[in-house]
Amino acid sequence: MFDLYPLSYNGNMIVITTLFRILFPLVTILLVAGLFFAFRTKSQKSIKITKIILASFLLFLYLFKAVFWIVRIITISENNTFSAQYITKAFGLDIPSFLVILSSVVLFISAFSKKPSKFMEFLKFTLLGVGLPSAIISLFTIDIIDIYDSYYHVLNIIAMLFNLLLIFIPLYLIKIKELKPSLDKFWYAISGYICLTSICMTLSLIIREGNLSEITYSKILRKIGIQISFPWHLLIIIPCFLIISFILFYAITFVYKKIIEKDNDVKNEKEKKLEQTPKRNEFFDLYAFATKSICCMQGFLVLIILSAIVRNPFGSIWGILCLIPLIMTIFCLLAVFEMEKQANLNDEDIFNKGNKEAKKIIAFALIGDIFFGLSFAKQMKNERESIIERKEREEKRRLREQKKKQEQEEQNSEQNNNTKAD
């Protein structure tokens, strides 16, 4: 991806491109493996310094890329000005760019805060389930640019470094045990992918700029000769990406568990935690699972339907409608978090009429999916009524037993009195 223009005259471009596409992924994977084993994780201080350095380096690369683009465009333009149409090229505004920013945020926050957070857990699993596979796929799809412009390849080098770090950072979080891969957390990655896709689709439909990754078109499908109009190509791209993501997620989870099983202390600690885990509320367990399923299934479907409606080739403000799946997904996430919390508390007071926590969960569920929210509210009411009926039955049984006990005591007392009289 450097100054290869003169070589194309000799017909060597195809050979070099092929070699690059084979060697570049191998070299990147070897570098990631080297960094993974080289970085120290024994002290919290070294981990904190590592996070700050990685986050700062990512932000520096991102800002340098933006400034480089701005200066370059101003230099080569006729009026020496920077027009708004180049904003997407300067700042990216595509899924890889957002993943770079998310990586920096995760590293900075986790470096200075040790408090457990569902939000941070969600971001970390998004990096593992979206950032890592996205970077690996891009390793095999990068084009060598046949252009006689040495400065332009600065951007190519930055792209390579972004890919390397997007692969390395989630693996590093696994190494320091801040991220524990588990298949029941894969839904976080799907939800994160929906959120990122919704933001990029919105920007794409409003700005209508081709730099917004594969949201409005697919370079990969076009390379293999498949031409599918927008947005129906997403019906192929999204499932294929999620399949690749799941395979990588499963492989990492499998390897991680094999390593953990060798550590007896960790295994014993896990068993103790399972023994000490209190009984969970089955109602909220069931509905948390249902909400996760809805959260993962509906987002992409709604997004594709909305993007099919908003198809202005010159951009349309109606593209903002594509933020609806983002909002729905966020509120589904909030509903799940609250449901899991209530499942752990296992407190029946949540079903009391007018309970504030119950109202909050119902509100989250209604915004996440209105039909599911209505069904959930109805089931909450049914559960409340069944609890009232159960308590009434228990009270009646208690009163019957109490009455029976009193009668037995009176009978025993009468027998004792008769015995004394005799």
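Author: Let's start with Q342, which touches N281, F284, D347, I350, E357 and I361, leaving aside residues up to four places away in sequence; a contact here means heavy atoms within 4.5 Å. A word on the ground rules: this is a predicted model, where local features need pLDDT of at least 70, side-chain atom pairs count only at pLDDT 80 or more, and totals for chains, interfaces and linings use all residues. Numbering runs from 1 along each chain as its sequence is written, and side-chain values use heavy atoms, with hydrogens and water left out.

Q342 sits in helix 12, residues 324-345 (helices are DSSP runs of H or I, at least four residues, and strands are runs of E, at least two, numbered from the N terminus). With a relative accessible area of 4%, Q342 is buried (buried is under 20%, exposed over 50%, partly exposed in between, using a 1.4 Å probe and protein chains only).

For contrast, take E410 in helix 14, residues 370-421. E410 counts as exposed, at 55% relative accessibility.

Now the whole protein chain. Its secondary structure comes to 14 helices and zero strands, so the pattern along the sequence reads α-α-α-α-α-α-α-α-α-α-α-α-α-α. Of the 422 residues, 41% are buried. Among contacts between residues at least 6 apart in sequence, 80% join residues at least 24 apart. The protein chain exposes about 24300 Å², with carbon and sulfur atoms supplying 63% of that (areas come from the Shrake-Rupley method with a 1.4 Å probe; for residues, only the protein chains shown count as cover).
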